[in-house]
Amino acid sequence: MGKVYVFDHPLIQHKLTYIRSTETGTKQFRELVEEVAMLMAYEATRDLPLEETTIQTPVATATTKVLAGKKLGIVPILRAGLGMVDGILNLIPSAKVGHIGLYRDPETLQPVEYYCKLPTDLEERDLITVDPMLATGGSAAAAITFMKQRGAKNIKLMCLIAAPEGIETVQQAHPDVDIYVAAVDECLNDHGYITPGLGDAGDRLFGTK
């Protein structure tokens, strides 16, 4: 079963408080989501492999470490996932970015893919799928399924806030995928919103209702 990592770093928790608050406007909300995504990416990439290299400092020759050439990719789930991308790219500017768009069929209630554009060398990349909210888990599980169908093998899921129901859904569907979150909230309410959550992440990012 994939692991669930909950980041308790003080900076992440501090910024998450303001992300949740109704007093936070669109501009500040967008900036905070980007900042928290960058801090979470710092933690989520802790296991990247390193290799030794030799450089010349102003003082002497030194044997130091660099990333071992592992290819990375970021895949936001549209539309709210877009708010997390730039923060991660600030740390990993060479990462490729794919996009997956889903909607829920009103009759079957199943996620339907309406857009998917992914790096061509998907199977060679470590992929971080991002979406601010992991509520029911249906969209995230479906997005990961679509990625695997196209050859993806190494996938992580990174969300700001998760409900226990969403974590369970993803773990059941994809036991090989580790989940990274800043908080696990109490539950889903009758409308499928994470409680206490932060509301609709897409609306708050883009100023829509």
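1. Let me start with a helix pair: helix 4 and helix 5 cross in a right-handed manner (a crossing counts as right-handed if the near helix is turned clockwise from the far one by less than a right angle, and left-handed if anticlockwise). Helices here are DSSP runs of H or I with at least four residues, strands are runs of E with at least two, and both are numbered from the N terminus. The model is predicted: local features need pLDDT of at least 70 and side-chain atom pairs count only at pLDDT 80 or more, while totals for chains, interfaces and linings use all residues. Residues are numbered from 1 along each chain as its sequence is written, and side-chain values use heavy atoms, with hydrogens and water left out.

2. Staying with that pair, helix 4 (residues 138-149) packs against helix 5 (residues 164-173) at an angle of about 25 degrees, and the axes are 8 Å apart. Axes are lines fitted to C-alpha atoms, for helices over the stretch in contact, and angles run from 0 to 180 degrees between N-to-C directions. Helix 4 is therefore roughly parallel to helix 5 (under 35 degrees is roughly parallel, over 145 roughly antiparallel, 65 to 115 roughly perpendicular, and the rest oblique). Helix 4 contributes Gly 138, Ala 140, Ala 141 and Ile 144 to the contact, and helix 5 contributes Thr 169, Val 170 and Ala 173; contact means heavy atoms within 4.5 Å. The residues fall into 5 nonpolar, 2 polar and no charged, where Ala, Val, Leu, Ile, Met, Phe, Trp, Tyr, Cys and Pro are nonpolar, Asp, Glu, Lys and Arg charged, and the others, Gly among them, polar.

3. Helix 1 (residues 10-20) and helix 2 (residues 26-44) pack at about 155 degrees with axes 10 Å apart, which means helix 1 is roughly antiparallel to helix 2. Their crossing is left-handed. From helix 1 the contact takes in Leu 11, Ile 12, Lys 15, Leu 16, Tyr 18 and Ile 19, and from helix 2 Phe 29, Leu 32, Val 33, Glu 35, Val 36, Leu 39 and Met 40. By class there are 11 nonpolar, no polar and 2 charged residues.

4. Helix 2 also packs against helix 3, at about 50 degrees and with axes 7 Å apart. These two helices are therefore oblique to each other, and they cross in a right-handed way. Residues in the contact include Val 33, Ala 37 and Tyr 42 of helix 2 and Gly 83, Ile 88 and Leu 91 of helix 3. The contact has 8 nonpolar, 3 polar and 2 charged residues.

5. Two peptide bonds are worth a check on your side. The bond from Leu 78 to Arg 79 is cis, with omega near 0 degrees, and Arg 79 sits in the loop between strand 4 (71-78) and helix 3 (82-91). Thr 195 and Pro 196 are also joined by a cis bond, with omega about 5 degrees; Pro 196 is in the loop between strand 13 and helix 6.

6. On annotation, an unreviewed UniProt entry lists Ile 194, Gly 199, Asp 200 and Ala 201 under "binding site". The lining of the largest pocket includes Ile 194, Gly 199, Asp 200 and Ala 201. A pocket is an open set of points on a 1 Å grid over the protein atoms alone, where a 1.4 Å probe fits, with protein on both sides within 12 Å along at least five of seven lines; lining residues have an atom within 4 Å of a point. Asp 200 is in the loop between strand 13 (194-195) and helix 6 (201-206).

Note on methods: UniProt positions are given in the numbering used here, feature names are shortened, and annotations may be inferred rather than shown by experiment.
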